Amino acid sequence: MLQQFIGTSPWHWKAAFHGLFAFILLISFVWSFEAIIGISPASIRRLKIGTIVMSAASFLTIVWGTWLYIGYRLPDNARAWLIKNAPYVHKFGMEFKEFIALFSLPLAVTAAYIVWTMGEELIENKYARYALLVCVTLGFIYIAAAFGLGAAITKVKAVS
């Protein structure tokens, strides 16, 4: 049943894990954002966990996406089909998506660094809290755009 849902190609499994890590990344950004908004000593622990999960999920999403990109670029696969039949999807969707998503990793690592070095000092230091909020918000915007474009591209032509 799972193979019917995901597909039988080895690329489909790689795409499923790529999407899973991206989903975890989105959730961790939202979870961290919520902890920043209602900052308290208890939310600092959630922020520490959230930013580590963000950093790890961002790294895994990028690694899996890079691995999946091999299949995308194979002759007679999704890239060739998109360039021939829907060039705007490849030019804007894929080219923009693959680079915008890369910003999530340095933003997540920066957020983790701020949280782990500042700790409870974030409650009093509004400038550090604002810097953290900017990192998390921008990271979410970038990964949400990449996630949405990835889902849309897959609907047009999946890697097979």
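Visitor: With which residues is valine 136 in contact, leaving aside its neighbours within four places in sequence?

Guide: Happy to start there. A contact here means heavy atoms within 4.5 Å. Once neighbours within four places in sequence are set aside, valine 136 is in contact with Phe29, Ser32, Phe33, Ile36, Met54 and Ala111. Keep in mind that this is a predicted model: local features need pLDDT of at least 70, side-chain atom pairs count only at pLDDT 80 or more, and totals for chains, interfaces and linings use all residues. Residues are numbered from 1 along each chain as its sequence is written, and side-chain values use heavy atoms, with hydrogens and water left out.

Visitor: What is the mean pLDDT of the protein?

Guide: pLDDT is the predictor's confidence in each residue, from 0 to 100. The mean here is 88, with 94% of the residues at 70 or more.

Visitor: Which residues touch the most other members of the largest nonpolar core?

Guide: In soluble globular proteins, nonpolar side chains tend to be buried together. A nonpolar core is a set of buried Ala, Val, Leu, Ile, Met, Phe, Trp, Tyr and Cys residues joined through side-chain atoms within 4.5 Å. Buried means under 20% relative accessible area, exposed over 50% and partly exposed in between, with a 1.4 Å probe and protein chains only. The largest core has 25 residues, and Phe29, Leu47, Met54, Leu122, Leu132 and Val136 touch the most other members. Helix 2 (10-37), helix 3 (41-73), helix 6 (104-118) and helix 8 (126-156) each supply at least two of its residues. Apart from that core lies another of 10 residues, including Trp11, Leu68, Val89 and Met94.

Visitor: Is serine 104 buried or exposed?

Guide: Serine 104, in helix 6, is buried because its relative accessible area is 1%. Beyond its neighbours within four places in sequence, serine 104 is in contact with Leu25, Phe29, Ser58, Ile62 and Ile143. Alanine 22, in helix 2, is also buried, at 7%. Alanine 22 and alanine 146 are 124 residues apart in sequence, yet 9.0 Å apart in space, C-alpha to C-alpha.

Visitor: At what angle do the axes of helix 2 and helix 3 cross?

Guide: Axes are lines fitted to C-alpha atoms, for helices over the stretch in contact, with angles from 0 to 180 degrees between N-to-C directions. Angles under 35 degrees count as roughly parallel, over 145 as roughly antiparallel, 65 to 115 as roughly perpendicular and the rest as oblique. The axes of helix 2 and helix 3 come within 8 Å and cross at roughly 155°, so the two helices are roughly antiparallel.

Visitor: How do helix 2 and helix 8 cross?

Guide: Their axes come within 10 Å and cross at roughly 150°, so helix 2 and helix 8 are roughly antiparallel too. Among the residues where they meet are Ala22, Phe29 and Phe33 in helix 2, and Leu132, Val136 and Phe147 in helix 8.

Key:
Helices (H or I, at least four residues) and strands (E, at least two) are DSSP runs, numbered from the N terminus.
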